[in-house]
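Welcome, and thanks for taking a look at this one with me. Here are some notes to read alongside the picture.

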Amino acid sequence: MLTIQIILGVIIIACILLQTQDAGLGLWGGGGENYSTKRGLEKVIFYVTIIAVAGFVFLSLLSLATS
């Protein structure tokens with residue numbers, strides 16, 4: 001289970017780094033003035049990030065409950 005958490009952690013880091021910098025809330029220089037919908041690969045990376053985070057949280061709670 002720990003191995004899967006490590007793999008999910010690496011996937012989460014990679015997906016976050018691959019996302020465009022303009023898509024944030026404007027905390028690191030992303031203006032946020034221009035709203036655009038996610039398309040193509042950007043949308044896939046966004047959904048993979050959400051699924052990986054949900055899996056990571058689920059496995060963390062599961063390992064906490066079993067220990």
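**Notes for a first look**

1. Let's begin with Gln5. Apart from neighbours within four places in sequence, Gln5 is in contact with Phe56, Leu59, Ser60 and Ser63. Please keep in mind throughout that this is a predicted model.

2. Where does Gln5 sit? Gln5 belongs to helix H1, which runs over residues 2–18. Its relative accessibility is 13%, and Gln5 counts as buried because that value falls under the 20% cut-off.

3. Stepping back to the overall fold, the protein contains two helices and zero strands. Of its 67 residues, 13% are buried. The protein exposes about 5600 Å², with 70% of that supplied by carbon and sulfur atoms.

4. Helix H2 covers residues 41–66. With 26 residues, H2 stretches 37 Å from its first C-alpha to its last, and this is close to the 38 Å expected at 1.5 Å a residue.

5. Which residues of H2 are buried? They are Ile45, Thr49, Ala52 and Leu59, and these buried residues of H2 pack against H1.

6. Now turn to the surface. Ile7, Ile11, Leu41, Val44 and Val48 make up a nonpolar patch there, and together they have about 430 Å² of accessible area. H1 and H2 each supply at least two residues of this patch, while the largest share, three residues, comes from H2.

7. Leu41 lies in helix H2 and has a relative accessible area of 62%. Is Leu41 buried or exposed? Leu41 is exposed, because 62% is over the 50% cut-off.

8. Leu62 is another residue of helix H2. The relative accessible area of Leu62 is 34%, so Leu62 is partly exposed, a class that lies between the 20% and 50% cut-offs.

9. How far apart are the C-alpha atoms of Leu62 and Met1? They are separated by 9.4 Å, although the two residues are 61 residues apart along the chain.

Technical notes:
Residues are numbered from 1 along each chain as its sequence is written. This is a predicted model: local features need pLDDT of at least 70, side-chain atom pairs count only at pLDDT 80 or more; totals for chains, interfaces and linings use all residues. Side-chain values use heavy atoms; hydrogens and water are left out. Patches are made of residues with over 30% relative accessible area and no salt bridge: like charges are joined within 9 Å, nonpolar side chains (Val, Leu, Ile, Met, Phe, Trp, Tyr) within 5 Å. Accessible areas come from the Shrake-Rupley method with a 1.4 Å probe; for residues, only the protein chains shown count as cover. A salt bridge is a side-chain nitrogen of Lys or Arg within 4 Å of a carboxyl oxygen of Asp or Glu. Helices (H or I, at least four residues) and strands (E, at least two) are DSSP runs, numbered from the N terminus. Buried means under 20% relative accessible area, exposed over 50%, partly exposed in between (1.4 Å probe, protein chains only). Contact means heavy atoms within 4.5 Å. The expected span of a helix is 1.5 Å times one less than its number of residues.
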